[in-house]
Amino acid sequence: MNIAIVGSGYVGLVSGVCLSSIGHHVMCVDNDREKVKKLRQAQVPIYEPGLEELMVGMMKKKRLMFTTSIKEATKKAKVIFIAVGTPSKANGDADLTYVENVAREIAANMNSYKLIVEKSTVPAATGQRIKRTIQMNLLKKYQQGKGKVDFDVASNPEFLREGSAIEDFMKPDRVVIGVESKMAEDLLREVYKPIKTKMVVTNINSAEIIKHASNSFLATKISFANALSQICDRVGADVLKVAEGMGFDKRIGRSFLNAGIGYGGSCFPKDVDAFIRLSEKSGYDFTLLKDVRQINEDQKKAFVRLIEDKLWIIKDKIIGALGVAFKPDTDDMRNAPATDIIQALQCEGAKIRAYDPEAAHNAKKIMKGVTFCKDIYTMAKGCDSLMLLTEWDEFTKIDFKKIKQSMRQAVIFDGRNLYHNRGLEKLGFEYYGIGRGV
Ligand code: NAD
């Protein structure tokens, strides 16, 4: 099938590459000329394991192309996915400007039946608005004497995770499609035919809500674990054991019950905000989610307070950050908890050094006054403490004996409980985790 994907970022590019790898002819569109230039030269603008190899293979087979022109892509494709960003506005609403612009441009260039599919995360009823936008633009065309064309709008929220995006796309837990016609359902079933998984078919509004509800629920689990960690610290319990004990209960499950420095990234914070706003507008005050958001903010502050408490005077102390990305296996710095934590410590006069295997180039653009080092050992030299902010696998292989000798003080703050059973205390470190009863 001829498919177009508008927006070639973390979601659009991965979706495009994966859809071409299951046999479709895909044209990825982006209005960032530099990005498209790079992509045409087979350069991947983001860090995503396995993406480059697959992308290059698909380009060689001529099943994957890149363009800046929505016109070119619309004319050729039958199914057009919208995968542009839907960032937060200051009031928490999802900013749907890019979605509207794309819908308008698609409408202006429709030459035959098209199925327009929202893949971006959007609030409920966005599909109806896209439909109206396209109808209004088509009407203008008809008034100018142009022939009638049919179209459908559908929702197909994306659940891939950065860092394991290809695996998630090719082997999803489920594919959700929100449709209003048999034609739209059949086309989307055809698109996903080679992917063997459960397909949830529903109306557009429900599909849109499934995505917001899923991300909000996962954020709720994280905040629950973080709230637990606060209690554990106060009463001398161990949050890891509590989560383990809870997690064996099949109704609860162990995943996402991880206490740490809070969730971040381009999705959870903005999607929780957008869901709160959607609820407010519909007349329901989703206080539970407001607390989820507050607990997340408080958790970062609690981590900074722990560091201040244990290091005593922060001014001029050298603190080394192990990782800055919002999670491992990505270079994405959007809403990374590291940003707020580092800024708070800098405000107290700390000197921050950092090492991240992949995110340093993006972090440098937003973190001022941080010295980025080429490796962990260079960073640790002379540090008064280390703080682990991202649980990269590389950090499980550190030679702590070597590091300890080069540090001014052997103190470690483990914001992800990565070193909980590695015996750092035995090596002479002062070790502080999250919710470990200290
Ligand atoms: P992104 O910022 O990485 O990519 C968006 C791309 O759209 C950019 O390259 C931008 O240049 C392009 N764009 C914007 N306006 C355009 C236009 N008019 N024409 C063509 N291209 C245009 O964003 P992302 O992380 O890929 O997220 C996209 C959507 O998918 C968001 O709604 C997000 O919430 C959702 N989502 C993201 C993830 C994730 O892990 N990143 C996972 C699931 C869903």
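Is Phe429 buried or exposed, and at what relative accessibility? In this predicted model, where local features need pLDDT of at least 70, side-chain atom pairs count only at pLDDT 80 or more, and totals for chains, interfaces and linings use all residues, Phe429 counts as buried because its relative accessibility is 4%. Residues are numbered from 1 along each chain as its sequence is written, and side-chain values use heavy atoms, with hydrogens and water left out. Buried here means under 20% relative accessible area, with exposed over 50% and partly exposed in between (1.4 Å probe, protein chains only).

A search of the whole structure finds ten aromatic pairs, a pair being rings of Phe, Tyr or Trp (its six-membered ring) whose centres lie within 6.5 Å, with planes under 30 degrees apart counted as stacked, over 60 as edge-to-face and the rest as tilted. One of them joins Phe169 and Tyr192, which are tilted at 40 degrees with their centres 6.3 Å apart. Phe169 belongs to helix H7 (residues 165–170) and Tyr192 to the loop between helix H8 (182–191) and strand S8 (198–202), so this pair ties together parts 23 residues apart in sequence; helices (H or I, at least four residues) and strands (E, at least two) are DSSP runs, numbered from the N terminus. Phe169 is buried at 3% relative accessibility, and Tyr192 is buried at 5%.

Phe429 itself pairs with Phe400, and because their planes stand at 85 degrees, with centres 5.5 Å apart, the pair is edge-to-face. Phe400 lies in helix H16 (residues 400–406) and Phe429 in the loop between strand S13 (411–414) and strand S14 (430–432), 29 residues apart. Phe400 is likewise buried, at 7% relative accessibility.
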